[in-house]
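Here are my notes from a read through the model, in the order I'd go through them with the viewer open.

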Amino acid sequence: MDYQAVLEEVAAHVEPRIGRGRVAQYIPALASVDADRFGIALADVDGRVTGVGDWERPFSVQSISKAFSLALVLAEDGEKLWRRVGREPSGNPFNSLVQLEYENGIPRNPFINAGALVVTDRLHTLTGDASTTMLDFLRAESGNPDLAFDRDVAVSESAHGDRNAALAHFMASYGNLDNPVPTLLEHYFWQCSIEASCRDLALAGGFLARHGLRADGSRLLSRSEAKRVNAVMLTCGTYDAAGDFAYRVGLPGKSGVGGGIIAVVPGRCTLCVWSPGLDARGNSVAGVAALDHFTTLTGWSVF
């Protein structure tokens, strides 16, 4: 298959949707991002990568980082994590406090903010430095040693992170955190602030297409664990729009309010698309449309 031609056709198809939606407003450092940007990259299981548009332009990964933190914790800790966080779709906004109270401080899944805080907390306990562990992993898998945190984004998130602080304190009151809340929040905000391009993230997510094998051929996850990460991405990876994403795209995916989405075709490739204009649920308008058209053109999905 001529991946370049497919991606060019995808980009042409979604061009009218580029710029639609609104960039993330609740993080001031993201509010000034140009909504008219668009890039898409595809990395096959052998590490060959191609892309179109702004596919090599770095952007804030935000919640895409949650897929990587989940994989890193499962690699170290196995099934123990699921005692502290569920695996069910939430059906509520990603920063909901109400659901946590109903469920006694156990987040519904690892991709809503409360669940991601639990995962980051566990990663920090296991490694001693959750955010740097994440950055080092992304650098290694992408082959890009220049990946870095965006200090302005991290500081901006910290200054406007009252809801995340409330979630963390609430879970701490139920004994579901190991580390002090300020330490946890610092690492959570820094890992969300990592800047990476579509190229970087398509390559970094390759282990999910290779059934758990890293870029160097070593095993991060068992085949079963990789399947489970992909399954949770399919059912929970796009906030409370996961059902619609599965219906339209038919692939495991994880979005972020920076406008990026990674998607996995197990056994074939990993994709990353970026366009900052978001819909009401926090997913890239043009990004979802691009992945929808990609699976239509190629016939590739998990169904």
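1. One cut-off before we start: a residue is called buried under 20% relative accessible area, exposed over 50%, and partly exposed in between. Bear in mind that this is a predicted model. With that cut-off, His 211 at 24% relative accessibility counts as partly exposed. His 211 sits in the loop between α10 (206–209) and α11 (223–236), and its phi is near 60°, a positive value in a residue other than glycine.

2. You'll find Tyr 239 in the loop between α11 and α12 (242–248). Is Tyr 239 buried or exposed? Its relative accessibility is 5%, so Tyr 239 counts as buried.

3. Leaving aside residues up to four places away in sequence, Met 233 touches Ala 67, Phe 111, Leu 208, Pro 252, Gly 253, Lys 254, Ile 262 and Val 264.

4. Strand β1 (residues 39–44) is largely enclosed by the rest of the structure, because six of its six residues are buried. Which residues point which way? Gly 39, Ala 41 and Ala 43 point one way from β1, while Ile 40, Leu 42 and Asp 44 point the other way, and all are buried.

5. Now for the partners of β1. Five bridges join β1 to strand β2 (residues 49–53), and the two run antiparallel, with Leu 42 opposite Thr 50 in β2. β1 and β2 form a hairpin with four residues between them, and Gly 47 in the turn has a positive phi of about 90°. Strand β8 (residues 269–274) is joined to β1 by six bridges, again antiparallel, and here Ile 40 stands opposite Val 273.

6. Charges next. Side chains of opposite charge can pair when their charged atoms come close. The count here comes to 14 salt bridges. One of them joins Arg 228 to Glu 79, with the closest N and O atoms 3.3 Å apart. This pair links distant parts of the chain, 149 residues apart: Arg 228 is in helix α11 and Glu 79 in the loop between α2 and α3 (98–102). Arg 228 is partly exposed at 37%, and Glu 79 is partly exposed at 44%.

7. Arg 248 forms a salt bridge with Asp 292, the closest N and O atoms being 3.3 Å apart. Arg 248 is partly exposed at 32% relative accessibility.

8. Check the Arg 108 and Glu 103 salt bridge in your viewer, where the closest N and O atoms are 2.4 Å apart. Finally, Asp 77, Arg 84, Asp 121, Arg 122 and Asp 178 are linked in a network of salt bridges.

Methods. Residues are numbered from 1 along each chain as its sequence is written. This is a predicted model: local features need pLDDT of at least 70, side-chain atom pairs count only at pLDDT 80 or more; totals for chains, interfaces and linings use all residues. Side-chain values use heavy atoms; hydrogens and water are left out. Buried means under 20% relative accessible area, exposed over 50%, partly exposed in between (1.4 Å probe, protein chains only). Contact means heavy atoms within 4.5 Å. A salt bridge is a side-chain nitrogen of Lys or Arg within 4 Å of a carboxyl oxygen of Asp or Glu. Two strands pair if DSSP finds at least two bridges between them.
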